[in-house]
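Please consider the structure shown below together with its sequence.

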Amino acid sequence: MLHRYFMVIGISLSHGQTKDEDCKPSYAGFVGSTDDTFRSWVSEVMVTEANDAVLPQITEKIKNLLHAYRASCGRFPELLIVYRDGVTRTQEGELNRNDLRCIREAFRQLNAQIELVFVVVNKMHRTRFFQKPTKNAMGAPVYSRDNIPPGLIVDDQIVDPYGDDFYLASHRGLLGTSRPIRYNILVNEDSKQTDADDVQGLTMALCYIYQRCTLGVSIPAPLYYANLAAARCAVLADSVIRHTAASNPGRGQGGARGGRGGGRGRGAPAAPVMADPVMRQAITQGIVQHPFLKENQRLSFI
């Protein structure tokens, strides 16, 4: 796999910091590698519905990342590995009708022959692993107080017998019990050259290139970078929301309410409603026109 042109993309979600739940949007971050050294990354962001893990049309975002890879390497990748975060186990089936369809549509529009490996990353589970107890001189079990060692992979017995998932504890638990991350290889179009062991090894390696930490982290670095991009997008969007609400006090929930009855203070501007198309356009344009997202697209916060 390492002898081919391949690209890694991380997709993660972040939710806005606006206190008004009726207009609180969610933000998606897309981060893709531009070479085989994984030292250069590009980012894309988008605004989506509040607490909606299934993203809308992401074809343009994937195309932009692929264009950035071609600008750096001179060609499109032969293999694309996507790590998708922010979905529960029950929502994985919906990705077939949305994310995978949009990615394949991006391949078709670019007329690129790219094989896809799609991995769903799930942190929201209650599975824990412990070291096997030893026996003392009397034959009684002795339980260790240490966490499981980093690099532990479990891919049999407790995993889905009809799927292709595995648990990986790539980090060293410094406090409390280590929580392994569940990875589900939803699609593998390159199974002849890239098997489950290759995906596990790549996932483990990506957990050790996160530039903010000298140790291994719990999830691959592209997902951390995508989460940072989405979090910064949320900060920028919240400032646009406050500015737009101040300049358009008539739009937004409770715009006519003031004082004690509205619960926002006398004369305070109300937060805009995301269902309003004018507000949504203003928020989206305010994010896209920001210098961080307009000029370079390279991650400057890692």
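Strand 4 and strand 5 (residues 115-122) pair in the parallel sense over 6 bridges; helices (H or I, at least four residues) and strands (E, at least two) are DSSP runs, numbered from the N terminus, and two strands pair if DSSP finds at least two bridges between them. Within this pairing, Y83 stands opposite V119 of strand 5. This is a predicted model, in which local features need pLDDT of at least 70 and side-chain atom pairs count only at pLDDT 80 or more, while totals for chains, interfaces and linings use all residues. Residues are numbered from 1 along each chain as its sequence is written, and side-chain values use heavy atoms, with hydrogens and water left out.

Strand 4 also pairs with strand 1 (residues 6-15), again in the parallel sense and over 6 bridges. Here V82 in strand 4 is the bridge partner of I9.

Is strand 4 buried or exposed? Strand 4 (residues 79-84) is largely enclosed by the rest of the structure, because 6 of its 6 residues are buried. Buried means under 20% relative accessible area, exposed over 50%, and partly exposed in between (1.4 Å probe, protein chains only). L79, I81 and Y83 point one way from the strand, whereas L80, V82 and R84 point the other way, and all are buried.

The charged side chains come next. Side chains of opposite charge can pair when their charged atoms come close. The structure holds 9 salt bridges, a salt bridge being a side-chain nitrogen of Lys or Arg within 4 Å of a carboxyl oxygen of Asp or Glu. One of them joins the side chains of D85 and K123 (3.5 Å, N to O). This pair links distant parts of the chain, 38 residues apart: D85 lies in the loop between strand 4 and helix 2 (94-97), and K123 in the loop between strand 5 and strand 6 (134-135). D85 is buried, with a relative accessible area of 7%, whereas K123 counts as partly exposed at 26% relative accessibility.

Another salt bridge is formed by the side chains of E78 and R75 (3.5 Å, N to O). E78 is partly exposed at 25% relative accessibility, and R75 is partly exposed at 34%.

In helix 3 (residues 99-110), R108 and E105 lie 3 residues apart, about one turn of the helix, and their side chains meet in a salt bridge (2.5 Å, N to O). R108 is exposed, with a relative accessible area of 55%, while E105 is partly exposed, at 24%. Elsewhere, salt bridges that share partners join E92, D165 and R182 into one network.
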